[in-house]
Amino acid sequence: MSGAIGFVGLGVMGEPICRNLLRKSGKPLVVYDLAPEPLARLGEEGAAIAASVADVVSRCDVLFLCLPSAKHVRAAFEGDAGILQTIKPSQIVVDLGTSSVELTRDFARQLEGKGAAWIDAPIARTRQAAQDGTLSVMVGASPQLFETVVPLIRCFATEVTLCGGTGAGQVTKILNNMVLFQTVNALAEAVAIAWHSGVEPKLLLETLSKGSADSFALRNHGLKAIVPDDFPLRAFSTEYALKDMSYALELASQGGLRPRGAALVGEILQEAIECGLGDAYFPVIARIADRSGSSNKD
């Protein structure tokens, strides 16, 4: 094989991650996406453009996937021209998305039968972090496979944690998101109560950031989205948040647990979707927290 890196999925996070690999890895990069625009941009920077997923697999040693959901990962994995049918022994697939733990372990078993490997390495932090190469990555793999891919992951991440065997990266990332969603909901409720109690939301969160309520969510989702009432499309949407929360609730159910806070936030995410906010950046649940019709921008 060529020593090249393959990359499938050049969306909001995938394109900047791919760009960091292109600039820092010192290896040739082969890319594929359904959208022509990111392909053209990366092609101008030196990446080779593939015609299909199968074409990428045939030209690389390590393949990164950065796809929106388990459905998209399954589509790339299965089929006559999918990963499973075209993979060769010793090739490694690294899934950067958040996906079902059961599906992850199933894919790993199938690739192992072909002498190849599947690593779950879901990413955390923001699009800006993807651009800056400062993501956090939670890896599920053997120590040997981890050592093989960690130099590549460090091209776009400053925090890389081996969480355990196959699926452990997904479990950790899913629970990271479960905590994040509940924290964002708490911030949304605090902002709504502050506004209606005569305290300016920006002042509230800036003050909380100096005390025990400080968090990454407060400084990013709270001050940069909830306070300015800015919930762009093509960010991490409410639909995606509900998908990840469903994975957390599924894990809890499998363990015989009833996480009531997580279940409640799942209901809030569903309510936001039913209100037409499914495509908006998920802190838009702040609009659900304030049912008076007032906006903190008024």
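**Cores, domains and a helix**

Trainee: Which residues have the most contacts inside the largest nonpolar core?
Mentor: Those are L63, L65, I83, L111 and W118, in a core of 63 residues. Keep in mind that this is a predicted model.

Trainee: And which helix gives the most to this core?
Mentor: Helix 9 does, with 9 residues. The core also draws at least three residues from each of domain 1 (4-165) and domain 2 (171-290).

Trainee: Back to L63, what is it in contact with, leaving aside neighbours within four places in sequence?
Mentor: Its partners include G6, F7 and V8, then V56 and V57, and also I83, I92, V93 and V94. There is a second, separate core too, of 38 residues, and V94, A121, A129 and C155 are among them.

Trainee: New topic: how far apart are the centres of domain 1 and domain 2?
Mentor: They are 28 Å apart, taken over C-alpha atoms. The contact takes 17 residues from domain 1 and 15 residues from domain 2.

Trainee: How much area do the two domains bury between them?
Mentor: About 1,200 Å², with 65% of it on carbon and sulfur atoms. On the domain 1 side, T98, V101 and M138 supply 36% of the area buried against domain 2, more than any other three residues.

Trainee: How many salt bridges across that interface?
Mentor: The rule finds 0 between domain 1 and domain 2.

Trainee: Last one: how many residues has helix 9, and what is it followed by?
Mentor: Helix 9 covers residues 168-196, which is 29 residues, and reaches 43 Å from its first C-alpha to its last, close to the 42 Å expected. After helix 9 comes G198, with a positive phi near 90 degrees.

Notes: Residues are numbered from 1 along each chain as its sequence is written. This is a predicted model: local features need pLDDT of at least 70, side-chain atom pairs count only at pLDDT 80 or more; totals for chains, interfaces and linings use all residues. Side-chain values use heavy atoms; hydrogens and water are left out. Helices (H or I, at least four residues) and strands (E, at least two) are DSSP runs, numbered from the N terminus. The expected span of a helix is 1.5 Å times one less than its number of residues. A nonpolar core is a set of buried Ala, Val, Leu, Ile, Met, Phe, Trp, Tyr and Cys residues joined through side-chain atoms within 4.5 Å. Buried means under 20% relative accessible area, exposed over 50%, partly exposed in between (1.4 Å probe, protein chains only). Domain bounds come from an automatic or database domain assignment. Contact means heavy atoms within 4.5 Å. Buried area is the accessible area (1.4 Å probe) that two parts lose on being put together, summed over both. A salt bridge is a side-chain nitrogen of Lys or Arg within 4 Å of a carboxyl oxygen of Asp or Glu.
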